[in-house]
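Visitor: I would like to learn how to read a model like this one, feature by feature. Could you walk me through it?

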Amino acid sequence: MRLLLASTPRLALFCLGLGLCLASPAARGADLPEILDFGGDAFRAGLEARFDGPDVDDLFMAGENVRAESAVSGSVYLAGRRVVVNGAVAGDAHAVGATLRFERPIGGDATLAGQSISLGAVGGDLRAAGSDIVLGGPVGGYALIAGERVEITGPITGDARITARELVLGPEARIDGQLTLYEPEPGAFELPEAVIAPDRVSRRVGEEW
């Protein structure tokens, strides 16, 4: 969890905003969603936490079911059992939960941890850890991915470090930088030259990570 929960000013703001939400009388007495809009940012908390606009800079949400339906011009900070983001995120995405699903592009970096992770395009760097990870779009920076099953269907512009027990490569998969691959045993995964040239691949046994 150090990957996600590093001490940052934004994380402190996340905790403060949610604390203000959950400290309200309504939050103490009923399972109602709590809403706080402050300084151009939006905070949502509750069993069913939902954001559907208007436009905000940064979005902070926590709950059992977390849904962001509208686009966010800044970054998102999300925690929940089931997290669904249907709007585009112009900035960075930070999320933790059992199920994470991003239906629209993430403009900046993505730092994600969950059992099941599904996402499309990432404009910056990708850091993802989970059981089942599906990358359905291009990554503009590097990719650091750790999962049981990892599926890559788009190009990765930068370097990649991937650990997996099962690796699935779609027809559009490509790694332009260096790849460090942690696999169950030496030579477990076939890497077509269309994905990456052999001289840019370093293979290691998964237990080394």
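Visitor: Leaving aside its neighbours within four places in sequence, which residues is D159 in contact with?

Guide: Contact means heavy atoms within 4.5 Å. By that rule, and with neighbours within four places in sequence set aside, D159 is in contact with Y142, A143, G177 and Q178. A word on the ground rules: this is a predicted model, where local features need pLDDT of at least 70 and side-chain atom pairs count only at pLDDT 80 or more, while totals for chains, interfaces and linings use all residues. Residues are numbered from 1 along each chain as its sequence is written, and side-chain values use heavy atoms, with hydrogens and water left out.

Visitor: Where is the place of D159 in the chain?

Guide: Helices (H or I, at least four residues) and strands (E, at least two) are DSSP runs, numbered from the N terminus. D159 sits in the loop between β9 (155-156) and β10 (160-163). Its side chain reaches the backbone nitrogen of Q178 at 2.7 Å.

Visitor: Why does D159 count as partly exposed?

Guide: Buried means under 20% relative accessible area, exposed over 50%, and partly exposed in between (1.4 Å probe, protein chains only). D159 counts as partly exposed because its relative accessibility is 44%. For the chain as a whole, 44% of the 209 residues count as buried.

Visitor: How many aromatic pairs does the structure hold?

Guide: Rings of Phe, Tyr and Trp (its six-membered ring) pair if their centres lie within 6.5 Å; planes under 30 degrees apart count as stacked, over 60 as edge-to-face and the rest as tilted. Here there are two such pairs. The ring centres of F43 and F60 are 4.8 Å apart and their planes are at 10 degrees, so this pair is stacked. It links F43 in strand β2 (residues 41-51) with F60 in strand β3 (residues 59-68), 17 residues apart. F60 and Y77 form a stacked pair too, at 4.9 Å centre to centre and 10 degrees between the planes. Because F60 lies in strand β3 and Y77 in strand β4 (residues 76-85), that pair ties together parts 17 residues apart in sequence.

Visitor: Are F60 and Y77 buried or exposed?

Guide: F60 counts as buried because its relative accessibility is 0%. Y77 is buried as well, because its value is 11%.

Visitor: Which residues have the most contacts inside the largest nonpolar core?

Guide: A nonpolar core is a set of buried Ala, Val, Leu, Ile, Met, Phe, Trp, Tyr and Cys residues joined through side-chain atoms within 4.5 Å. The largest one has 46 residues, and those with the most contacts inside it are L59, L78, F102, L112, L119, L126 and I162. Beyond four places in sequence, the contacts of L119 include F102, L112 and L126.

Visitor: What is the average pLDDT of the chain?

Guide: pLDDT is the predictor's confidence in each residue, from 0 to 100. The chain averages 86, and 82% of the residues score at least 70. Over residues 1-9 pLDDT stays under 50, as happens over residues 19-30. Where pLDDT is low, the predicted coordinates should not be read in detail.

Methods:
A polar contact is a pair of N or O atoms within 3.5 Å; within protein, one must be able to donate a hydrogen and the other to accept it, and residues adjacent in sequence count only if both atoms are side-chain atoms.
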